[in-house]
Structures are given as C-alpha cells and as structure tokens.
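This briefing covers salt bridges and strand pairing. Look over the sequence and the structure first, then read the points below.

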Amino acid sequence: MTNFDVLIIGGGVSGMQSALVLGSAKEKTFASDKEIGIIMHQKSSHLQNAKFNNALGINPGTLGSNILADGIKHLTEKYPHVSQILDEKVITITAIQNGYEITTNRSVLFSKIVVLALNYSKPLTIKGLEKFIIPHRKAAPKKDRIQLKNENFLVTDGMYVCGTIAGVRSQFAIAAGSGASVATDILTLWNGGNHTKVHDKA
C-alpha cells in the first residue's frame with residue numbers, strides 16, 4: 001500500500017492549485033518530509049471545454065484543455081516530489097485509523113489527509129461519501145448540482161474539499177482560490193497551528 005501525508009483526488013484547477021501550493025512548501029522544515037500525491041483524473045473536469053477571457057494572468061482565448069496540460073507540466077518540472085498518479089479513478093474512500101484508505105481501479109492507497117477536488121455534477125460515484133452530499137448552494141437549482149457538506153472546506157477530520165464540489169461557484173479564479181486555501185490550511189496544520197502561507201520570492 002502506498003502511503004501519503006496528503007492525497008488530492010482530482011486534477012482540475014482546484015486540485016492542481018492545491019498541489020502547487022503544497023509542493024512549493026518543500027523547503028519548509030514542517031513540510032520537508034511530507035509525502036504529497038495527486039490522482040490526476042481530468043476527464044470530467046469542466047476545464048476540458050472552457051475558454052478564458054476573464055481570468056487574471058491567463059492570456060485571453062486560452063483553452064481550458066491547454067491549462068490542464070500545462071498544469072501537469074508545471075507541477076512535474078517545478079515540484080517533482082509531488083507524486084502524480086495517472087490513469088486511475090477512485091472507487092471507494094474508507095475512514096480507517098489515522099487516515100483514509102483509497103481504493104482505485106488499479107491500486108489501494110493510504111493517506112492521513114484527503115483533499116477532494118471534484119466537479120459538482122451528478123452522480124458522484126465514489127463510495128463512502130454519500131452521507132456528505134447535499135444540493136449545491138451556489139448553483140442554479142435547475143442544474144441539479146451537488147456539493148459536500150463542509151465548514152471552511154473541512155468535511156470531517158482529515159478530509160477537505162475544494163472546487164465546485166466544495167460549494168463554490170463555477171468560476172476559474174474561485175475554484176483555484178479554494179484549492180490554494182485548502183493547501184494553506186493543511187500547511188498550517190503541519191506547522192503546529194501557526195497560520196502559514198507560501199510566497200514565491202525573486
């Protein structure tokens with residue numbers, strides 16, 4: 001069984017943003033020994049069909065599919081210590097002692113912390129999350145979207161959520177921000193509760 005300190009499930013904008021922030025903390029003493037992974041499942045990401053003209057720092061007309069591809073490259077080149085798990089889909093998440101067992105179509109993984117970075121479409125096919133599913137609070141009711149019950153992105157002990165499945169609106173900057181927020185919450189936890197963020201400096 002592969003063990004992680006944090007495993008992000010979902011390779012869309014919120015999941016990759018969370019992985020980038022966590023990965024960037026490698027030089028911090030409290031994060032230097034942490035095993036970080038991301039299940040880079042992107043087929044269901046709404047970025048696949050998106051085109052951006054109103055996102056800061058992204059050239060107008062950029063396609064979401066290109067952002068997904070560039071995000072993988074960015075994470076690989078800048079933070080290679082973040083393990084990318086490709087071509088796997090999560091089937092079940094089970095709470096066990098000191099963390100979670102994550103069963104995919106190919107393997108069984110363990111993580112002390114899980115970050116769910118999924119989209120808000122039905123059905124949510126991952127078993128073990130049923131009791132947390134509620135109607136999405138910031139989507140048009142006719143769209144019949146879902147979210148996971150959470151308090152400031154925390155679903156339950158050791159389980160975080162970001163992106164539209166967290167209940168935020170389907171807007172690139174908002175989804176990315178939620179992923180960064182979750183990452184800094186985890187870094188704060190690792191840093192003994194001292195509020196933590198990671199700034200890049202020239």
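Lys-122 forms a salt bridge with Asp-144, their closest N and O atoms being 3.0 Å apart; a salt bridge here is a side-chain nitrogen of Lys or Arg within 4 Å of a carboxyl oxygen of Asp or Glu. Lys-122 lies in the loop between E8 and strand E9 (133–135) and Asp-144 in the loop between E9 and strand E10 (146–148), so the pair ties together parts that are 22 residues apart in sequence. This is a predicted model, in which local features need pLDDT of at least 70 and side-chain atom pairs count only at pLDDT 80 or more, while totals for chains, interfaces and linings use all residues. Residues are numbered from 1 along each chain as its sequence is written, and side-chain values use heavy atoms, with hydrogens and water left out.

**Salt bridges**
- The structure holds two salt bridges.
- Asp-5 forms one with Lys-112, with the closest N and O atoms 3.4 Å apart.
- Asp-5 lies in strand E1 and Lys-112 in strand E8, so this pair links parts that are 107 residues apart in sequence.

**Exposure** (buried: under 20% relative accessible area; exposed: over 50%; partly exposed: in between; 1.4 Å probe, protein chains only)
- Asp-5 is buried at 10%, whereas Lys-112 is partly exposed at 46%.
- Lys-122 is partly exposed at 48%, and Asp-144 is partly exposed at 42%.

- Seven of the nine residues of E8 (residues 108–116) are buried, so the strand is largely enclosed by the rest of the structure.
- E8 pairs with strand E1 (residues 2–9) in the parallel sense over seven bridges.
- E8 pairs with strand E7 (residues 99–104) in the antiparallel sense over four bridges.

Key:
Helix = DSSP H or I, 4+ residues; strand = E, 2+ residues; numbered from the N terminus. Pairing = 2+ DSSP bridges.
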